[in-house]
Amino acid sequence: MAPKASMGKAFLSGNEALARGAWQAGLKVACAYPGTPSTEILETLALFPEVDVQWSVNEKAAYEVAYGAAVGGVRVLAACKHVGLNVAMDPLMTSAYIGVNAGFVIVVCDDPQMHSSQNEQDTRWVGIYAKLPILEPSSPSEALAFVQEAFEISERFDTPVIIRMTTRVSHSKEDVVLGKRLQRPVKALQKDMRKYVMVPGNARVRHEILEKRIEKLKALSERSRLNRIELNKKSLGFITDSVSYLYLKEVYPDASYLKLGFLYPFCDEKIKRFAKSVKRLMVVEELDPFIEEHVKSLGIRKVEGKHPSYRVGELDQDLIRSLVAGKPKKVKPRPGRAPRLCAGCPHWAIFSVLKKLDLFVAGDIGCYTLGALPPTSALHTCLCMGAGVTMPEGLRRAHPEGRIVGVIGDSTFVHSGITGLINAAYNKSKGVIFILDNATTAMTGGQPHPATGQTIRNESTKRLDLKALCQACGADFVDVIDPHGNLKALEELAVQRLNADALSVIIVQHPCALLKRENNEKKAGCV
Amino acid sequence: MKRKQDVYNITFGGVGGQGIIKASELLGWAALYDGYHVKKSEVHGMSQRGGSVESHVRFGSVIYSPMIGLAQADFLLCFHPDEHPRLKVFLKKGGFDLMPYLAKIQESVENTRAVNTGMVGFLSKYLPIRPDSWERALQTVFKPAVLESNRKVFAQARALSE
């Protein structure tokens, strides 16, 4: 939902507040590929006409376009979910060497508990790996404030800055105070090859600059008010970050705190000082023992971490109690309703056919991953974006006679399936890939993509022709079929292509049921 | 209206498509307009696919956690009987469970899609939030085309709780 007021207060999610803060900081360009829990950042920015926003084809494209704009001299933001950052790691690692011209902020939203993800990797390690600063807000108000600070740091220290959020921070809402937009001039283009051309001779020099920069950032982290000591009762002190801080404050209001908002590089002196001032010292954090291991590396022997069982899943105030008591994690299961494909979902048809034909189905990331669940139970792998095209090739290399197919969504195919199809054609692989084309990026709430012919602001644009694309990639047969009321024809086509010694793509094309419902409601004026 | 307390915790729950997020949104804005610090949290990753939906709203002078702990909710608004067993763990001893009133509220609402607004209207009688803050929240959350019908549902359900 849009920020409802231009000034004053608004009730915003962490993602909406972060977008608002970036806009206030004078943001000019923003790029992302949708991914829960990060999607609303770009959706909110699209409501501000001053910002040039785009759904990029994937996170690597988003990162590079955004980075190009920052090198061009305007303030820029790229957003993604944790696994999306993996796709953008190549440009990220070297952009750390080069630095920026104007401010560049990468927002990464982790998903502890995997509410809507395939893993729960902890992005905080990227700080160490890429030698980039990481800010970590705990709440929407902090997201709004921290992103403005991130732009200042980015320009002052000539570095990309990472903001790490989690599902709870991104999706929880609170009342936030809105401010005005800063006007920032566009900086001049710099023809500075030694800085911007990363050939070995230049990169060696830049690496030295990077190492010095992270030391300077360490000094900033020491004095930053984002790393805050709250001294209360000295019998118990917590070092904590992100939403864990809020859970702790709820349960232990009288304890002392070192709340890390400028997470990386660490503020070692502050940590040592805080450790000395409290009797019992504990690190409380979600996922990996990232802070804990660093505090231990400082030689602070008394520090207690969490039982390893808490490395899995998110925390809450009830779990915090048992964590602080040193007990292993125990969660009483609260059985909820399992998600399933919607009523009227076009994917039901293809999964009923795949099940009937008893095929081995390599899947991908999207709504259709739900095809693995009952009642269809007809999808057998899910690894990452794009693997619905490449994994079946590998599976067939292990079992050349196996009845193996791949399924991938339209948005996912454009994101990272195209290269896999070229790979299959080039390396003489055979078999059938189904592109389940529901004319949207459905799982993340229905965002347009190149094959829909719409931009993030629903303007029409050049429409990618999936059939022509697949033919150009080298598929022998490319069929387009509407499965709606056409089950028998779909099955016959699938059998025909399965029996052919060829590389085939079947585009199963019918719009998402939610998309249709939304359009009907818009027409009827009920939303 | 109940005695003022420091923090009010309200748990909403049901299944995807019942307007639970909208209902908690309405309460959140009303609390904000009434001058409270307010937080709301939910998981909606899979809610559109018919999964369980749960939303927590907390308001008061100072709020830390965006989530309500077990046995901490003052009110439970459950929109579906099947979801009640898993949600009631949030209700504190002596908390107010609106489950027995769901049928009555459903009956009073002509448009089944406005049951969510009806539930919040019913709840509103028990919260220290002024009528004009509710009105501003209704105006914020609903588009002009559906504002009047939701306003009506809200008022009718509020009257039911008297």
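## A walk through chains A and B

Of the 162 residues of chain B, 60% are buried. The model is predicted, and the values discussed here were computed from its atoms.

Chain B contains six helices and five strands. Along the principal axes, the C-alpha atoms of chain B occupy a box of roughly 35 × 35 × 30 Å.

The contacts of chain B can be sorted by separation along the sequence. Taking those between residues at least 6 apart, 64% link residues that are at least 24 apart.

Chain A can be read in the same order. This chain has 20 helices and 18 strands. A compact globule of 527 residues would have a radius of gyration near 24 Å, and the 25 Å of chain A agrees with that. The box filled by its C-alpha atoms, again taken along the principal axes, is roughly 75 × 60 × 55 Å. Buried residues account for 58% of the 527 residues in chain A. Of the contacts in chain A between residues at least 6 apart in sequence, 75% join residues at least 24 apart. Chain A exposes about 21,300 Å², and 55% of this area comes from carbon and sulfur atoms. Chain A carries 69 positive and 56 negative charges, whose mean positions are separated by 4 Å.

Now to the cysteines. How many disulfides are there over all chains? The count is zero, where a disulfide would require a pair of cysteine sulfur atoms within 2.5 Å. Cys109(A) shows how this works out at one site: the closest cysteine sulfur belongs to Cys80(A) and is 7.7 Å away, which is too far for a bond. Is Cys109(A) buried or exposed? With a relative accessible area of 0%, Cys109(A) is buried. In chain B, Cys78(B) is also buried, and its relative accessible area is 0%.

Another buried site in chain A is His347(A), which counts as buried because its relative accessibility is 3%, under the 20% limit. His347(A) belongs to helix α15 of chain A, which covers residues 347-356. Leaving aside residues up to four places away in sequence, His347(A) touches Leu341(A), Cys367(A), Tyr368(A), Leu436(A) and Asn438(A).

Which of its residues are buried? They are Met89(A), Pro91(A), Leu92(A), Ser95(A), Ala96(A) and Ile98(A). An α-helix has 3.6 residues a turn, so residues three or four places apart point the same way. Just after α5(A) comes Gly99(A), where phi is positive at about 85 degrees.

Note on methods: Residues numbered from 1 in each chain as written. Chains lettered and ligands numbered in written order. Predicted model: local features only at pLDDT ≥ 70, side-chain atom pairs only at ≥ 80, totals over all residues. Heavy atoms only, no water. Helix = DSSP H or I, 4+ residues; strand = E, 2+ residues; numbered from the N terminus. Rg over C-alpha atoms; globule rule 2.2 N^0.38 Å. Buried < 20%, exposed > 50% of the residue type's maximum accessible area, 1.4 Å probe, protein only. Contact = heavy atoms within 4.5 Å. Areas by Shrake-Rupley, 256 points an atom, 1.4 Å probe, with all protein chains shown as cover. Lys, Arg positive; Asp, Glu negative; His and termini not counted. Charge placed at Lys NZ, Arg CZ, Asp CG, Glu CD.
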